[in-house]
Amino acid sequence: MIKLDGHKKIKTAVFISGNGTNLKSLIKFSLKKKSPIKIDIIFSDNSSAKGLGYAKKFKIKSRILNYKNPKKAENLILKNLKRNSVDLICLAGFMKILSKKFIKDFRKKIINIHPSLLPKYKGLNTHKRVIEKREKFTGCTVHFVNHKLDSGKIILQKKIKISKNDTPKTLAKKVLKHEHIMYPQAIKKIFTNP
Ligand code: GRF
């Protein structure tokens, strides 16, 4: 746990690719007086990501990334983050994999939310796979990002029961609800504001 001085908030960047419902929950959390974070910027690799609407709504600056050249995209992000003294990256449904070099060069904390009970079901289509394997439980996990996919140290995890008639779609919805609660909790676990 990292203790923060007085009212100083951690400058945070959120990376998205799609709906951005986790982004929305992080923005709402960040606006609370006691929240340890302040969202400085939102990056999306997808110009039509629905989540970009939240940037507009809450007047947070956003940047669209051109990932045709990932190296160039990462260099631009890094420059921006350093210039703005961003200390935390929250990946929230970001569909690109950050390079080993980026993670090393950023040097600050990068965290991610994944819709499974890691280390089980890393990667994509988790809900479909857990149902196919007839699992009784699934869940969601917030973890630190390292150079291996969905493999960094776990910060927080929530176990969720799968019903007999759950489909990948109903399960995704169920898990997402918990994600929205758990992501802020995980951030509170890392940073504490006295
Ligand atoms: C979430 O299920 C998250 O765990 C996964 O991608 C989904 C993103 O949803 N990494 P949203 O864009 O936050 O609505």
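**Notebook: the ligand site and some local features**

I began at the ligand, where a polar side-chain atom of E179 lies 2.7 Å from an oxygen atom of the ligand; I took a polar contact as a pair of N or O atoms within 3.5 Å. I kept in mind that this is a predicted model, in which local features need pLDDT of at least 70, side-chain atom pairs count only at pLDDT 80 or more, and totals for chains, interfaces and linings use all residues. Residues are numbered from 1 along each chain as its sequence is written, and side-chain values use heavy atoms, with hydrogens and water left out.

Which residues are around the ligand? I noted N19, G20, T21, N22, G93, I113, H114, P115, L176 and E179, a residue being near if one of its heavy atoms lies within 4 Å. This shell divides into 3 nonpolar, 6 polar and 1 charged, with Gly counted as polar and Pro as nonpolar.

Next I turned to salt bridges (a side-chain nitrogen of Lys or Arg within 4 Å of a carboxyl oxygen of Asp or Glu), and by this rule the count comes to 8. In one of them the side chains of K61 and D40 meet, at 3.3 Å from N to O. K61 lies in strand β4 (residues 61-64) and D40 in strand β3 (residues 37-44), so the pair ties together parts that are 21 residues apart in sequence; strands here are DSSP runs of E with at least two residues, and helices are runs of H or I with at least four.

Last, I checked the backbone, remembering that most residues other than glycine have a negative phi and most peptide bonds are trans. A cis peptide bond joins L118 and P119, with omega about 10°, and P119 is in the loop between β6 and α5 (126-132). S85 has a positive phi, near 50°, and sits in the loop between α3 (70-83) and β5 (88-91).

Methods
Polar contact = N/O pair within 3.5 Å; in protein donor to acceptor, adjacent residues only side chain to side chain.
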